[in-house]
Amino acid sequence: MDVNYNNTYLILGGHVQLAKYRYLYFSMSLLLFILIICSNTVVLYVIYAHESLHKPMYAFIAALLMNALFGSISIYPKLLIDLLSATQTISRPACRLQSFLFYVYGAIEFTLLSAMAFDRYISICRPLQYHSLVKTQTVKLILFLAFCLPCCKIGIATILSANIGLCKFVLMRITCDIYSLVKAGCGDSTVSNAYGLTVMVLSILPHVIFIAFSYTRILSICLRSSRDFRRGALNTCLPHLFIFLNFTIIAMFEVIQNRIPASIPHIIRLIVSLLGVVIPPLFNPLIYGLKMQAISQCLKALFKLK
């Protein structure tokens with residue numbers, strides 16, 4: 001590989017035994033991608049098509065599913081191409097773009113999960129104030145900020161990382177991420193690291209604290225209420241809580257394996273790096289489709305199931 005090509009392209013060197021299992025990896029990834037696209041699209045269509053689901057809670061669910069599609073589309077097409085290619089390379093601008101999209105996907109996910117906790121908290125803990133606090137305009141504003149603010153925060157981090165010259169042109173990953181680009185740099189990365197750490201903390205910790213507070217209050221209300229009230233509250237809250245815990249654990253693993261030295265086996269790093277675009281996008285529509293009674297009934301009607 002000549003010098004000019006090496007300065008323009010990066011090598012994604014994280015694949016494991018690709019020559020031996022190329023077509024198996026490709027088939028599994030393609031099947032996952034198709035399942036993710038189909039399952040999320042079907043639930044989105046059901047929410048859009050049924051006026052009874054045009055409520056704040058389902059608007060947030062729809063936004064969460066749209067974000068899953070957004071995150072998957074930012075990773076899978078390039079991954080599928082690489083699995084069939086002789087060399088796994090990516091241009092530096094394309095690598096920055098993929099890093100930006102992947103980080104934005106994660107930040108939006110936490111913001112939307114926090115918005116959903118807010119909706120459930122008001123609905124269960126302050127039901128008389130629900131319609132005055134959770135108006136259509138309020139929901140639109142929350143959704144706008146949920147998508148806009150992460151783009152601004154991650155955009156600045158991407159620009160800062162782009163200003164650092166690269167000394168290494170092989171990333172031991174199968175996808176790009178901002179922190180790996182910063183680590184591959186040979187310039188002063190103090191500002192980029194400090195800003196990145198600040199954004200990471202602000203993108204996760206406040207949402208985790210708020211969601212924990214919301215569900216503590218919801219649990220307190222449920223324990224003092226009737227059995228029917230508890231059942232209704234749990235039917236709407238448990239899917240959201242499960243998805244939140246699932247995504248938080250995956251995000252923590254990704255942060256830890258990125259920041260800890262190379263003592264973690266490479267295969268573990270590889271699996272962890274993909275969990276965020278495998279488990280949430282695949283299981284979120286299944287969980288909401290099966291556990292949310294209103295959506296489940298609409299799905300049964302769509303597929304004419306009894």
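**Disulfides**

I began with the cysteines and found a disulfide joining cysteine 167 to cysteine 186, S to S 2.1 Å; by disulfide I mean a pair of cysteine sulfur atoms within 2.5 Å. This is a predicted model, where local features need pLDDT of at least 70, side-chain atom pairs count only at pLDDT 80 or more, and totals for chains, interfaces and linings use all residues. Residues are numbered from 1 along each chain as its sequence is written, and side-chain values use heavy atoms, with hydrogens and water left out.

I checked the torsion next: it is about 110 degrees about the S-S bond of cysteine 167 and cysteine 186, so this disulfide is right-handed. Cysteine 167 lies in the loop between helix 6 (136-162) and strand 3, and cysteine 186 in the loop between helix 7 and helix 8 (190-223), so the pair ties together parts 19 residues apart in sequence. My helices (H or I, at least four residues) and strands (E, at least two) are DSSP runs, numbered from the N terminus.

For the cut-offs, buried means under 20% relative accessible area, exposed over 50%, and partly exposed in between (1.4 Å probe, protein chains only).

I searched the whole structure and found 2 disulfides. Cysteine 95 is joined to cysteine 176, with S to S 2.0 Å. This pair links distant parts of the chain, 81 residues apart: cysteine 95 sits in helix 4 and cysteine 176 in the loop between strand 3 and helix 7 (178-183). The link of cysteine 95 and cysteine 176 is left-handed, with -115 degrees about the S-S bond. I noted cysteine 95 as buried at 0% relative accessible area, and cysteine 176 as buried at 0% too.

Numbering the bonded cysteines in sequence order, I get the pairing 1-3, 2-4. Cysteine 152 is in no disulfide, and the nearest cysteine sulfur, that of cysteine 148, is 4.2 Å away. Cysteine 152 is partly exposed at 45%. Cysteine 222 is in no disulfide either; the nearest cysteine sulfur belongs to cysteine 237, 6.5 Å away. Cysteine 222 counts as buried at 4% relative accessibility.

Strand 1 (residues 9-12) pairs with strand 3 in the parallel sense over 2 bridges. Leucine 12 has leucine 171 in strand 3 as its bridge partner.

Contact here means heavy atoms within 4.5 Å.

I picked out phenylalanine 100 in helix 4 (residues 92-125). Phenylalanine 100 counts as buried at 19% relative accessibility. Leaving aside neighbours within four places in sequence, phenylalanine 100 is in contact with Cys151, Ile154, Gly155 and Thr158.

**Cores**

Which residues touch the most other members of the largest nonpolar core? Of its 71 residues, I listed Ile47, Tyr58, Ile61, Leu113, Tyr288 and Ile295. The largest share of this core, 15 residues, comes from helix 4. A second, separate core of 10 residues includes Ile90, Cys95, Phe169 and Leu181. A nonpolar core is a set of buried Ala, Val, Leu, Ile, Met, Phe, Trp, Tyr and Cys residues joined through side-chain atoms within 4.5 Å.

**Confidence**

Last, I looked at pLDDT, the predictor's confidence in each residue from 0 to 100. The chain mean is 88, and 96% of its residues reach 70 or more. Over residues 1-5 the pLDDT is below 50, and this stretch has 3 contacts in the model beyond near neighbours in sequence.

Terms used. Pairing = 2+ DSSP bridges.
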